[in-house]
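Visitor: I would like to learn how to read strand pairing and core packing from a set of coordinates. Could you take me through one case?

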Amino acid sequence: RETAKTITDLPEVFLNVAPGVETDTELGDGETVEVAGTDLTAEAVQGHAAGETVFTYETDGEERAIVGDHVLPDITPNPLLQPPATDGGERPRVLPAFNRSLATLREREFDRFLPGHREEIATPSERIDEILAAHDERTENVLEIVEDGPTTAVEVMEELFDDLPATEYFPGMSEAVGHLDVLDERGEVESSEQGGVVVWEVAE
């Protein structure tokens, strides 16, 4: 319980450095906004964070996109767990949605991505292929863990990330549950409740 409280209270620490701001324009999916003479189209994407949006535009004969943290040059963005949109609703399956969103961006063959961190991505499709390959490899690692017998998401996290500090449990659990969701959608694993705990097993 102490660990759970630490994890759930942690986001409040960041509120001091993330003050609210007034919104002067709201953009829906597919709407455009002009910035310095260039039309940017807002496009909703899924997986990394709730409400995430990329902005696509054309300049110098290239198709580009401002992708924020949806695609990063050196690390694999973490698809964080999200609560149900409504009380009693289903929990979003963020990693499967993230994989589909990345695949859609790859098919559009952009010339350049501008990420939220570090340098521009000059070969967007190649970078997306690398991220999806990393996801596939970890999904197979999780399947091997579940094949050893009934497994909880916490046990999957501990197998994937040895000696993880409590402050990193939320992204760690997000990773574990995300890959279990992928395997569940593929029909390779299934979950059940045993003694008040959700466990995962290889599907029959």
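Guide: Two strands pair if DSSP finds at least two bridges between them, where strands (E, at least two residues) and helices (H or I, at least four) are DSSP runs, numbered from the N terminus. This is a predicted model, in which local features need pLDDT of at least 70 and side-chain atom pairs count only at pLDDT 80 or more, while totals for chains, interfaces and linings use all residues. Residues are numbered from 1 along each chain as its sequence is written, and side-chain values use heavy atoms, with hydrogens and water left out.

Visitor: Which strand does S1 join, and in what sense do they run?

Guide: S1 (residues 32-35) is joined by four bridges to S2 (residues 38-44), and the two run antiparallel. They form a hairpin with two residues between them, and Ala 36 in the turn has a positive phi of about 50°. Val 35 stands opposite Thr 38 in S2. S2 also pairs with S3 (residues 53-59), in the antiparallel sense over four bridges, with Ala 42 opposite Phe 55 in S3.

Visitor: How many residues does the largest nonpolar core have?

Guide: A nonpolar core is a set of buried Ala, Val, Leu, Ile, Met, Phe, Trp, Tyr and Cys residues joined through side-chain atoms within 4.5 Å; buried means under 20% relative accessible area, with a 1.4 Å probe and protein chains only. Here the largest has 16 residues, and Val 67, Val 71, Leu 102, Phe 113 and Ile 128 have the most contacts inside it. The largest share of this core, four residues, comes from H3.

Visitor: Is Phe 113 buried or exposed?

Guide: Phe 113 is buried, with a relative accessible area of 0%.

Terms used:
Buried < 20%, exposed > 50% of the residue type's maximum accessible area, 1.4 Å probe, protein only.
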